[in-house]
Amino acid sequence: MSQQPMSRESIEKKPRTRDADTVVASVCPYCAVGCSQLVYVKDRRIIDVEGNPESPINEGTLCPKGAATYRYLVNPNRVTSVRYRAPYSDHWEERPLDWAMDRIAQRIKETRDASFVERTPDGKLANQTTAIATLGGATMDIEENYLIKKLFSGGLGVVSIENQARI
Amino acid sequence: MIDAYKRLMNVEPPPPPKKARGFFTDTSLCIGCKACEVACKQWNQLPADGFAMTGNSYDNTGTLGATTWRHVQFVEQAKANSSRQDQRWLMMSDVCKHCANAACLEACPTGALIRTEFDTVYVQQDICNGCGFCVPACPFGVIDRAPKHGQFEAGTAHKCTLCYDRLKDDMTPACAKSCPTASIQFGDVEELQQRARHRLAELKARGEAKAELYGMPEGKEATEVGQLHAFFLLLDKPQTYNLPEVPRLPRKTMGQRYGWSAAVGLGFALVGALVFGRRQ
Amino acid sequence: MGSNMAENHPVGFRWPMKARERGATIIHVDPRFSRTSAAANLYVPIRSGSDIAFLGGLINYVLSRDLWFHEYVLAYTNASSIINDRYIDAEDNGGVFSGYDPRSGTYDNASWAYAGPPQEAKEDASAHSGHAMEGTSPAKHRPTRDETLQHPRCVFQIVKRHYARYTPEMVEEVCGTPKELFLQVADVLAKNSGRERTSAICYAVGWTQQSYGAQIIRAAGILQLLLGNMGRPGGGIMALRGHASIQGSTDVPTLFDLLPGYLPHPSVIKGDDTLEKYMRESAVRGGYWSNLPKFMVSLLKAWYGDAATKDNEYGYEWIPKLTGDHSHVTTSAAMADGNVKGFIVFGQNPANGSPNAGLQRRALTQLDWLVAVDLYETETAAFWYAAPEGWKPADIKTEVFLLPTAGPAEKDGTFTNTQRLLQFHDKAVDPPGDARSDLWLVYHLGLRLKALYRDSTRPQDQGLRHLTWDYLPERTDPRWRIEDEPSAEAVLKEINGYTVADRKLVADFAALKDDGSTACGVWIYSGVYPEEDKNMARRRVKGDGWVSPEWGFSWPGNRRMLYNRASADPQGNPWSERKKYVWWDAAQRKWTGFDRPDFPETKAPDTAPNSDGAGVDLHSGSDPFTLKADGRGWLFAPSGLKDGPLPTHYEPLESPLRNALYPRQDSPVAKRFPRNDNPISPPGDPQYPYIVTTYRVTEQYTSGVMSRWVGWLSELMPEMFAEISPELAAEKGIANMDWIVVATARSQIECRALVTGRMRPFRHNGGMIHEIGLPYHWGYKGLVTGAMANDLVPLSEEPNVYIQEDKAFTCNIRKGRLR
């Protein structure tokens, strides 16, 4: 092997993960295999996402989607503020998060109060509304699913609480 | 910015050599998932380069290029009758071969293309002047010049670096690390060659009559380019995977070309410095 | 079967590939020659929709050639149990079982019960619960057994008769699978099962998305029980689920018919208006489900805290009661009819991801308000201006909120993977801008709603008022910009459960009580957080062996394999040294092994059943299936399924073929949605002569929200296409990459033709049946867009689990474009 002189940039080349401030263990957001990932963070930004070699499931490997997790998270196309479309409007408006949360709570209350059924026509206890439905949860944490079920079922009486598992 | 003066100032002696590193890509284990392609783009932060379907099986990548350093090929095989006898779907993750006698390196007039301490072939982006001589020199069509509008300086040459940055910290290259089925194996070339010979014998014993290694020192494909530091176990003839039976070096004309390229390269660089220098 | 594992679970497929290299045989039975087929030792073509015929053929092969695992089957299954004399098999009744009511299109399963004395408690509680059927609907009667298996009404003989006509020739006719290939599969399976060897079956939505999906899985269960492959290492039936925590969202769940941990959801129809009635309906004397009251009361305590008292039945009345089918498909139809006013969608995309997507989009126009929560702008969020229908926004009343949310690396939380493994992921960075975790969104929405109802005295609002809702951490974490993020660990602790008096975390669900002294959010997860600062889901120790019990936490009780007592013989010894997993340690007088035994730890193998007892005491020391009332694996299901005690071949709701086995064409109890916007083609409809199936490819992900905004993935599969065989292409004059139109009774779409020998026609009665394949990843938002395969799919429901049939329906194709 004969080597030529090198540029300083080549001499100084190093993996960007060397300077990471933290390395955080995560789980791939795509399929249900549950591959463990390592998320490298520098200056509060994600700089790399790779397979975790310690995991007995994936042993450091990832599929193309798992390998693309970095771009799923760090992506200029992400929505980062609330978009609101008023009835009959032809455009999105940017709105503050607090405003949207208040408004959504109001709308849930209105719909619930207008549609709540305490008893069926033949007098049986129902305590439900079928005018509100929720869908989703399969790419979310169990803690999030738990709060959805608790709030919407146990709190509000919504019965159509569903997710991708039904599909 | 291409700048001949800066380029000359930057040159330093190379680090001491280490064991030769490379890839053994065992296509008998490939499931065509393309994790290697994405992991490579992720680590090297290469852009997506086109959203067009080719119609060629599941290969919408097409070729290796300036911003695509791994390319999974798909070859559909079946006897032409309805019973689909001997149906196979061959998959192979192609990559720069990191040849022992690298034509690209020999064609490079500027010293941008170098052999690293890991015996891999590497393009130094701060030196490459975009002359493009390496491109036709490569018998595999691997190295490519950056397109006009992209994240790289237009015209500069790019290809797999064998994750030169990662090698410095003893990390596995991104493609090999991600590969879920160990089709892409990374390691010391000599050890990988041993493993490959053993693997070939194993497959032959299992009845894989067409299996062969490509890029071993003893193979005829090494006649001119030498052993490939990224070599393959194939399940069919090299041509099936668009690999040349005997990759050729453009050696005969090389002395001549080298002189020309040095001159032209310098000329390009100076013109470049004048033309583009103002833009910055 | 029913899975394209190499493409859809590539890293999971790492392990079959390793096994293949060590000599295992991978068989792929699938309509398409996919990347899984390419990696398999044996590819076996099968016409979409005919899985039960194929599996029934295997069952028949094993039974008729006496290849079943005698000792295992006799001891561990209900083969010897005798069924009562009112039972009529589908074989003797044109493909329909006894108890069928053609008017309602439902079964009364009374005639499927075991002969023998009735149990004390009523036990068929799952009128609305597909997922709960396992646990809460065991046999109504204790079985009488014939250990010689000769009784004509014993399960073994019934099963044998039921499948006698599922011969290799019949498999060839129904499935289009060459007989020799079928026999090769049967031979490999039989030879790789027994004391020394085991075989595993993997499936995915290729099975579940059929109008008899649960029965296909049941058929695999029968086969695996006969071969002795359940509860043993290298055996089993693996559900390869498709989303990071879809198992979690099933367990916890966000499903209408279940409460957390597979407790049946109270229902008006079942008359569950009081807790007492609910308990009576749901209670089970035999098996582990006898503990249901403890789990239910602990759940109510977790939700309603101090307001849940014995006097108010722990707040039971505040739990809504079902009044029918509230599943996603049924709700979509109701929404299209204007009966749903508000819709909240968390990370989901029905506008192109749900069946009859055109109807789904129209349904969104009928809403008063829609909240879409996602990282990207989805087709669902954008329906009002971007749908292909070209509606004028000025005509659409729906008020739409698109809330930006966080990815997993931007929040703490737990995913449950396809192996029931809980893995905690740590927050690495704050989400960008106003994006918030779904936990934040639901928690703060809850706070606002509680404030709105704070002063209400109406009974209907008291549940919300009393809902325990205290998840903010004591101190904010200085690392993060978002200061009011609820603590995922606080929620996980509630899920784990605690004693009410001192809020001390419980060690396990065995500690739960039905007297209100314990609270537990999801009983099956109990043990995940057994002590303060001991989050078992956050453990990341790989360990030396191959079981890795210290990586994450597997429910229940960190057991990695369910029913693993069956890995030992009835006497408690491993069936063989190679297949050793859990066994009885006679010296220590306890069960031990590589995994936590899924069996009472000190119950000796020779323990006799205690017929005066309850729960697992009713089982002997050699009854491994502890959740079942009789402790046995069910070849025949005396209850729990709505569409028959034995899997039976029917044609899909749409099929070009007549049922070759029975006069009954299709599932007698699958739910159709006969509406103008959801027509279903009749059998053999010449307008739609081809079978079509839908699927994913490796490079994209479901409706595309998580992949079509990612350039690196989009470039790998940039356009919508249909895979068609060269034979069909020649018939239709279609060349590779031509534009074609795919039409069904619902809709039509245009896309490229990918002509490939990997698709093939199936021989049938001397003719050919063509099948085409459609990936369903595209839509009208994202870096790459394209036609939506789900526009073509009908609304329908499998009767147990309410899943639509999109793996087999009918279409026509032509060369050209829509316009």
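Modeller: Gladly! Domain bounds come from an automatic or database domain assignment. Here, chain C is divided into domain 1 (5-99 + 106-122 + 136-239), domain 2 (246-323 + 494-537), domain 3 (569-624) and domain 4 (671-815). This is a predicted model, where local features need pLDDT of at least 70, side-chain atom pairs count only at pLDDT 80 or more, and totals for chains, interfaces and linings use all residues. Residues are numbered from 1 along each chain as its sequence is written, while chains are lettered from A and ligands numbered from 1 in the order in which they are written.

Colleague: How far apart are the C-alpha centres of domain 2 and domain 4 of chain C?

Modeller: Those centres lie 42 Å apart.

Colleague: How many residues does each side bring to the contact of chain A with chain C?

Modeller: Two residues are in contact if their C-beta atoms, placed from the backbone, lie within 7 Å. Chain A brings 100 residues and chain C brings 121. On the chain A side, helix H5 (residues 142-155) gives the largest share, 13 residues. Helices here are DSSP runs (H or I, at least four residues), and strands are too (E, at least two), numbered from the N terminus. That side has 51 nonpolar, 28 polar and 21 charged residues; Ala, Val, Leu, Ile, Met, Phe, Trp, Tyr, Cys and Pro count as nonpolar, Asp, Glu, Lys and Arg as charged, and the others, Gly among them, as polar.

Colleague: At what angle do helix H4 of chain A and helix H19 of chain C cross?

Modeller: Axes are lines fitted to C-alpha atoms, for helices over the stretch in contact, with angles from 0 to 180 degrees between N-to-C directions. H4 (residues 97-115) of chain A and H19 (residues 438-452) of chain C cross at roughly 55°, their axes coming within 9 Å. The residues making this contact include Met101(A) and Ile104(A) from H4(A), and His444(C) and Leu445(C) from H19(C).

Colleague: Which strands join chain A to chain C?

Modeller: Two strands pair if DSSP finds at least two bridges between them. Strand S5 (residues 82-85) of chain A runs antiparallel to strand S11 (residues 399-404) of chain C, with 3 bridges.
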